[in-house]
Amino acid sequence: TLARLGIRLVKDLPGVGKNMWDHIFFAITFRVNVPTSSAFFNDPEAAAYALRAYLDSASGPLSAAPATVLGWENLLSLPSDISKPLYKTFPSDWPQIEYLPASAASGNQSNFQTQDPRDGFNYASILSALVAPLSRGTVSINSSSMADPPLIDPNWLTHPTDVQLAIAAFKRQRQLWANANLRNLTIGEEYFPGPGVQSDAEILSFIRETLSPVWHAAATCKMGPRSDRMAVVDMNAKVYGAQRLRVVDASSFPFLPPGHPQATVYALAEKIADVILRGV
């Protein structure tokens, strides 16, 4: 790629732009009997009140994140054809699924504002995120200009274990919605995708059509020992074969943690800042 674009090669590091990890999520939606963010779309007075409360005192519904509670689960009862590939890559206590309850209808996740029905009902969703992915994406360039967007191929759900795990996560979420405590909140049958989606093929088709990234892309300049041919930076974030060049962001993670990586990015930045100040 570099030669084709007339860029001089300084060091051949085959791991650059490879090994991209990311989390994806998808959702099931129900009508519920408690107020949710749907009220903002159905009731202009409710929307005006929420906006006024936030602007006046940073309070009210808009002062809270859409998902105020997060949960993780290790699906210990996974069939061996799913669990064996996972346990070869991840520790046995690494969760496979994250749950993100959302106070709105998720729809196909193309636009959360327009996907919520304006029918007077309140909607709620639970998003299931795959946090033990085995699929790996890539990032490349299509010109010698940094102003041009990169070429990103996330490769979601290309590993067969990810496909099986996504289907298992969808079924597990239906079990959660069937819990008596949640059934006290829901109105009617499953709204989206609806009870018509039952077979594994139908579930997978729904997931592929509606999945979204959790925007956790990482590890495309992975940290690792020099003996690892896919490693790009060393333990001090220095790029192998280059001078005075470090990578200090989520792309230098050796792997993507199962949670949200923001705090890990902060910790990495603090560590490397200290390393730089000490002249290492």
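V32 stands opposite T186 in strand β7. The model is predicted; local features need pLDDT of at least 70, side-chain atom pairs count only at pLDDT 80 or more, and totals for chains, interfaces and linings use all residues. Residues are numbered from 1 along each chain as its sequence is written, and side-chain values use heavy atoms, without hydrogens or water.

Strands (E, at least two residues) and helices (H or I, at least four) are DSSP runs, numbered from the N terminus. Two strands count as paired if DSSP finds at least two bridges between them. Strand β1 spans residues 24-32. Three bridges link β1 to β7 (residues 186-192), and the two run antiparallel. With β4 (residues 122-130), β1 forms nine bridges, also in the antiparallel sense. Here I28 faces I126. Strand β8 (residues 212-213) pairs with β1 through two antiparallel bridges. In that pairing, I24 has P213 as its bridge partner.

Eight of the nine residues of β1 are buried (under 20% relative accessible area; exposed is over 50%, partly exposed in between; 1.4 Å probe, protein chains only).

A nonpolar patch on the surface consists of L51, Y54, L55 and L62, with about 400 Å² of accessible area together. Areas follow the Shrake-Rupley method with a 1.4 Å probe; for residues, only the protein chains shown count as cover. Patch residues have over 30% relative accessible area and no salt bridge, and nonpolar side chains (Val, Leu, Ile, Met, Phe, Trp, Tyr) are joined within 5 Å, like charges within 9 Å. A salt bridge is a Lys or Arg side-chain nitrogen within 4 Å of an Asp or Glu carboxyl oxygen. Y54 belongs to helix α2 (residues 44-57). Y54 is partly exposed, at 41% relative accessible area.
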